[in-house]
Every structure is written in C-alpha cells, then in structure tokens.
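Take a look at the structure below.

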Amino acid sequence: MIIGVESVEKMIDDICDFLDIVPEYLEERIVDIADKAASEEDYSQAFLRLSEEFISENTGESISEVYFCHLTRSIDKPSVLLPLKTLLTTNNSFTHFLREYSVEFEIEKNELVMKYNGNPVPRNRVYDPTSWDNDHVRLAGRLGWLGTIDFCINGFLHAVEPERSTDDYYRYLMNGPELLQDLDAFFHSRMCDEYCKRSKYFYAIVKIPLKNIIFDERNDLNIDEDRTSIYLSLCFEFLLSWYEGTRYYSRLHNEILRLDDYAEVSVDHYIEL
C-alpha cells in the first residue's frame, strides 16, 4: 500500500484503511497524542514516540513504498531527476540555459570545476577561508568545495498546499532554482529573471522505496528500524497541523526529505503549481 499525498482527504482515507480505523477516530487520537506530548519536556520526541506506539498497536504490516514530492522550477518535465553533480555535467535543459550565459561545469579529479567563458573560475573567488568577505559560501558548499557533499535531491513528505509549509522553501524557489540564484549573485547577472520567464513551477512526484528516504537533519529517525511507524508518525504531525489549520489557517508541518547524494529517480508524474 502507498499513502496518498496530493490531498488531505486521500491521505486520511489511506491511513485509516492501513490502520483499520475511521477518520473521526484518527483525528481524535492525533489530538489526544498531542495533548499528552505537551506535558513532556521534549514535545516533538514525545509526539513521535506516542504516535509510533499507537501505530504499532494497530497494525503489524509495513509500508514498502512512498511518494517523494520534489519542488522544482524547470523549463521542461524531465522523466528522471538527477543529483546536482550529474545535473551540472550532462546535457539537459538546465545546462543548455547556463551555456547561454557562458557558464559550464566539468568534472576534474572527481570534483566539480566551474568555468566562465571557457576558463576555470578559481575557487577562492567564490570562497576564501582567509577572508571575512564570503557572500558566496553557500554556492561553494553546493559545489562540494567546503569538504562536504550536498548533491542530493530533496523533497517533502506531502504535496498539499506547499505555500503553507512551515519551511519557506516554496516561496524561495518562486524566484528560481537555489543554485541559479547563487550563480546569479556571483556573476551579477539576470539569469533568474529569464529562467523564471521560460520555466514553470512543479511538484515532481516520485515513487520510492521507504528504505531509501533520508529524513533531513533527523538522524534520530534515520536509525529507527521501524520506518513504517516513523513515516506514519510524520504524517500524524502533518495532519495535526491541518486539523489546527482548519480553525486558524496555521502553517503546515511538512517534513523535509532527501535522497542519497548520488541517487537518480524516475518521475511518476508532475503537478503544476
């Protein structure tokens, strides 16, 4: 079974089918779990623990596949999503666009090299660890120049009203892909303005084994072997914010996910935003 992520109604119906309960009881239990967690020192951990306990009591089955919702602003609709290192060094609509502005990337000794007008851009022009003037440190980090790798495809748990997410990533990407905004700032160009004119904003929906999902900056969750309970507990967090939002139009808790830094995934379908 796979839990629907494109509407709250579908999500609730699928979770209720999986747990063999009715929607009214699901809401009652989620609100009760939140009330109990509020009395503990670490609310977030308590909410997840109590949710996992409830889920384990109601099912012995597991979820093997889930939807992964990747926000993207793209000129086309690629059938496969690529990690950043691969995206920047293969022929695709994004690299074709960058070449219009004389920006290219190559791999030398397994590392990314940025070129402008055919000439390598010295790394210390982007990031100089001896200087206080480092406005482009994020660009250096995304290119893997700071000693750590960050090439992964990221996404959200659900595709419901992304503009209400507690994370402002949806609003941020309205101005163009994150890397393109960083390149725009470095080269003092107008790349983002032109890219936004040519591109559209989508959710790329991917079906992926639950075991391949990495919960971003949540290592405590990534080591938990009962991934079904963890996944559904995060659905509970989202639904709690939805139940509250129906009364107060609050922000929605939509967990950030990511994949391995070198993972490529096929797109199931797109949702235009």
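A residue is called buried when its relative accessible area is under 20%, exposed when over 50%, and partly exposed in between. Take Asp-216: its relative accessible area is 25%, so Asp-216 counts as partly exposed. Keep in mind that this is a predicted model.

Now step back to the whole protein. Its C-alpha trace spans about 65 × 40 × 35 Å along the principal axes. The secondary structure comes to 12 helices and 11 strands. Of the 273 residues, 49% are buried. Look also at contacts between residues at least 6 apart in sequence: 71% of them join residues at least 24 apart.

Return to Asp-216. What does Asp-216 form with Arg-258? The two form a salt bridge, and their closest N and O atoms are 3.2 Å apart. Asp-216 lies in the loop between strand 8 (214-215) and helix 11 (219-222), while Arg-258 lies in strand 9 (residues 256-258), so the pair ties together parts that are 42 residues apart in sequence. Arg-258 is partly exposed, with a relative accessible area of 24%.

How many salt bridges does the structure hold? There are 19. One of them joins Arg-171 to Asp-168, with 3.6 Å from N to O. Arg-171 is partly exposed, at 39% relative accessible area. Asp-168 is partly exposed too, at 44%. Another salt bridge joins Asp-150 and Arg-142, whose closest N and O atoms are 3.4 Å apart. Is each of these two residues buried or partly exposed? Asp-150 has 32% relative accessibility and counts as partly exposed. Arg-142 has 12% and counts as buried.

Next, the helices. Two packed helices are described by the angle between their axes and the distance between the axes. Helix 9 (residues 178-187) packs against helix 10 (residues 191-198) at an angle of about 145°. Their axes are 8 Å apart. On the helix 9 side, the contact is made by Leu-180, Gln-181, Leu-183, Asp-184 and Phe-187. Helix 10 contributes Met-191, Cys-192 and Tyr-195. Sorted by type, the residues of this contact are 6 nonpolar, 1 polar and 1 charged.

Helix 9 lies across strand 3 and strand 4, and runs at about 45° to strand 4. The sheet of 3 strands is open, with the order 3-4-5 and antiparallel pairing. Strand 3 (103-108) and strand 5 (119-120) are the edge strands, each pairing on one side only. Between strand 4 (residues 111-116) and strand 5 there are 2 bridges. Tyr-116 stands opposite Asn-119 in strand 5.

Now find strand 7 (residues 200-209). Why is strand 7 described as largely enclosed by the rest of the structure? Because 7 of its 10 residues are buried. Strands of a sheet pair through backbone hydrogen bonds, either parallel or antiparallel. Strand 7 pairs with strand 1 (residues 65-74) in the antiparallel sense, over 10 bridges. Within that pairing, Lys-207 of strand 7 is the bridge partner of Tyr-67. Strand 7 also runs antiparallel to strand 11 (residues 269-272), joined to it by 4 bridges. Here Phe-202 has Glu-272 of strand 11 as its bridge partner.

In soluble globular proteins, nonpolar side chains tend to be buried together. The largest nonpolar core here has 64 residues, of which Ile-15, Leu-26, Tyr-231, Phe-236 and Leu-239 touch the most other members. Several elements give two or more residues to this core, including helix 1 (8-19), helix 2 (23-37), strand 1, strand 7 and helix 12 (227-248). Helix 12 gives the most, with 11 residues. Zoom in on Ile-15. Leaving aside neighbours within four places in sequence, Ile-15 is in contact with Ile-3, Leu-26, Leu-232, Cys-235, Phe-236 and Leu-239. There is also a second, separate core of 24 residues. Val-103, Val-126, Phe-186 and Cys-192 are among them.

Definitions and conventions:
Residues are numbered from 1 along each chain as its sequence is written. This is a predicted model: local features need pLDDT of at least 70, side-chain atom pairs count only at pLDDT 80 or more; totals for chains, interfaces and linings use all residues. Side-chain values use heavy atoms; hydrogens and water are left out. A salt bridge is a side-chain nitrogen of Lys or Arg within 4 Å of a carboxyl oxygen of Asp or Glu. Buried means under 20% relative accessible area, exposed over 50%, partly exposed in between (1.4 Å probe, protein chains only). Axes are lines fitted to C-alpha atoms, for helices over the stretch in contact, and angles run from 0 to 180 degrees between N-to-C directions. Contact means heavy atoms within 4.5 Å. Ala, Val, Leu, Ile, Met, Phe, Trp, Tyr, Cys and Pro count as nonpolar, Asp, Glu, Lys and Arg as charged, and the others, Gly among them, as polar. Two strands pair if DSSP finds at least two bridges between them. A nonpolar core is a set of buried Ala, Val, Leu, Ile, Met, Phe, Trp, Tyr and Cys residues joined through side-chain atoms within 4.5 Å.
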